[in-house]
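Hi everyone, thanks for coming. I'd like to walk you through a few helices today, so let me put the structure up on the screen.

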Amino acid sequence: MASTPPPPFDDPSLSDPLECPPLRWGLIGCGRVCQDFTQALKHLPSAQVVACSARDAARAAEFAQKHKIKKSYGSYDELLADEEVQCVYVGNLHVFRREIGEKCLQANKHVLLEKPFACNPEDTQYLLDLAKEKNLFIMEGMWTRFFPAVEQARRLVFGDGKGEAGVLGEVVSVITEFNFNASDSDDYPTSFFYNRKLGGGATYLVAPYPFAAATLFFGGAQPDTIKAVGQVDEKTGVDLQGALIMTFPPTSTMPPALDPENKNENTAKLPGAGTAMCSYGFLGESEEQTTVIGTKGRLVIETPAHCPTKVRLTLKAAGRGQHAGETLFDYPLPEETEEIKSTGGFVYPNSAGFMYEAAAVARCIAAGKKEVPQFTHAETYSNAKLIDESRKQLGVKPIDQD
Ligand SMILES: NC(=O)C1=CN([C@@H]2O[C@H](COP(=O)(O)OP(=O)(O)OC[C@H]3O[C@@H](n4cnc5c(N)ncnc54)[C@H](OP(=O)(O)O)[C@@H]3O)[C@@H](O)[C@H]2O)C=CC1
Ligand SMILES: O=C1OC[C@@H](O)[C@H](O)[C@H]1O
């Protein structure tokens, strides 16, 4: 049975996570994720893709014709010169993020950069600083955070910020994994997945999700220990899979937006508590779920945990191993419309859920905010550092090294 969606974290006064002020989008790239983002926007009547761009004018025109987009361009620069575009969705390869992100901001556009936000912490900080200087909205496309199942999980852990406390007690551990067999969609070794110079590798492409799942439930805190292991492909030099364990310091688990007066500053964690285990890769098929373990129970963000519709809560009763029953919160995605089906459907699982992210971006821009509370700039930066450290520990060469 469907549950009533929780209010979105960026605006707790709303009951509808799809509340979306008008926003005019432009697209950088006309590939797979841009197809999915464009399809999802069709569920939001006031969000409009007004222009798209690709390196090849004919491909951009074909994409525009398919999706009834008014304008198409054969270069990204032309799109950025279009005054009708308010916010740019950057869905080309992440190896170009610093260059493209910089161009978007210099053209005075708000910008949503697909994950990973950039390929190293320095480029990440550069773009965050530039957005601040230009007074523009910028965000990493960590779309997971906007699904009602994740908004609900956040509330179950931290409380609703309006007096209702979290129910899990102290979070002591997070176990999260995402592994899929990429050979279904990306050929070895020709796909960019296996091209080190084009940002290939599982730590860039898959790890951002389990890393962000772990940091969410420690209130965005930085881990104090990180140990990563994994496999690097000899032939291509990209990392195929990895496993990361982290410990988090004993600090408040309350994110600042839910605790503006810092009342929970002294919330103590158990001594030695605060661990996360992340497994990621594009070799095998995992269940793909995130389990948050607290002193009073657990919750499971069910598969596919990076774009979930269900969260299951199990609270402890008296006695070890006993529980007081389970509650399933279910927030189904809308059915694919005829229009979506006839224009190629979606490439990736649950991509209709991009609508939640796009609606939150529109709300924040309309409210004059420069970042979303669901995934702050500080978290984007600390997750870029996690990616960097994991790649180093796995022994992956940096992109710019031969
Ligand atoms: N949030 C999410 O769920 C998802 C996010 N992503 C992220 O989106 C990005 C794109 O992924 P995806 O759409 O799957 O990738 P695609 O293979 O579809 O490529 C995307 C675009 O990148 C450009 N591109 C592709 N190959 C090259 C190349 N060799 N040199 C220069 N540019 C190239 C093309 O732009 P053009 O059209 O201009 O030619 C292409 O359309 C990645 O950063 C990925 O991490 C990906 C999937 C899902
Ligand atoms: O971000 C992503 O990258 C890899 C895809 O297969 C996955 O579905 C997607 O969300």
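Let's begin with α5, which has 14 residues and spans 20 Å from its first C-alpha to its last, close to the 20 Å expected at 1.5 Å a residue. Please keep in mind that this is a predicted model.

Now, which residues of α5 are buried? They are Thr124, Leu127, Leu128 and Ala131. If you look down the axis of α5, these buried residues fall within an arc of 95°, so they line one face of the helix. Turn to the other side of α5 and you find Glu122, Asp129 and Glu133, which are exposed.

What do the buried residues of α5 pack against? Their partners are α4, β6 (138-140) and α11 (377-394).

Let me stay with α4 for a moment. The axes of α4 (residues 97-106) and α5 (residues 121-134) come within 10 Å and cross at roughly 0°. An angle under 35 degrees counts as roughly parallel, and α4 and α5 are therefore roughly parallel to each other. On the α4 side, the contact is made by Arg97, Arg98, Gly101, Glu102 and Leu105. From α5 come Asp123, Tyr126, Leu127, Leu130, Ala131 and Lys134. By class, the contact of α4 with α5 has 5 nonpolar, 1 polar and 5 charged residues. Notice that Leu127 and Ala131 belong to this contact and are also among the buried residues of α5.

Okay, on to α1. Of the 10 residues in α1 (residues 32-41), 9 are buried, so this helix is largely enclosed by the rest of the structure. The buried ones are Val33, Cys34, Gln35, Asp36, Phe37, Thr38, Gln39, Ala40 and Leu41. And what surrounds them? The buried residues of α1 pack against strands β1 (23-28), β2 (47-53) and β4 (87-90), along with helices α2 (57-67), α9 (338-342) and α10 (354-366).

I'd like to pick out α10 from that list. At what angle do α1 and α10 pack? The angle is about 75°, with the axes 8 Å apart, and that makes α1 roughly perpendicular to α10. Asp36, Phe37, Ala40 and Leu41 of α1 meet Phe354, Met355 and Ala358 of α10 in this contact. Sorted by class, the residues of the contact of α1 with α10 are 6 nonpolar, no polar and 1 charged.

Terms used: Residues are numbered from 1 along each chain as its sequence is written. Chains are lettered from A and ligands numbered from 1 in the order in which they are written. This is a predicted model: local features need pLDDT of at least 70, side-chain atom pairs count only at pLDDT 80 or more; totals for chains, interfaces and linings use all residues. Axes are lines fitted to C-alpha atoms, for helices over the stretch in contact, and angles run from 0 to 180 degrees between N-to-C directions. Helices (H or I, at least four residues) and strands (E, at least two) are DSSP runs, numbered from the N terminus. Angles under 35 degrees count as roughly parallel, over 145 as roughly antiparallel, 65 to 115 as roughly perpendicular and the rest as oblique. Two residues are in contact if their C-beta atoms, placed from the backbone, lie within 7 Å. Ala, Val, Leu, Ile, Met, Phe, Trp, Tyr, Cys and Pro count as nonpolar, Asp, Glu, Lys and Arg as charged, and the others, Gly among them, as polar. The expected span of a helix is 1.5 Å times one less than its number of residues. A residue is buried if 20 or more other C-beta atoms lie within 10 Å of its own, exposed if 12 or fewer, and partly exposed in between; C-beta atoms are placed from the backbone. The arc is that of the directions from the helix axis to the C-beta atoms.
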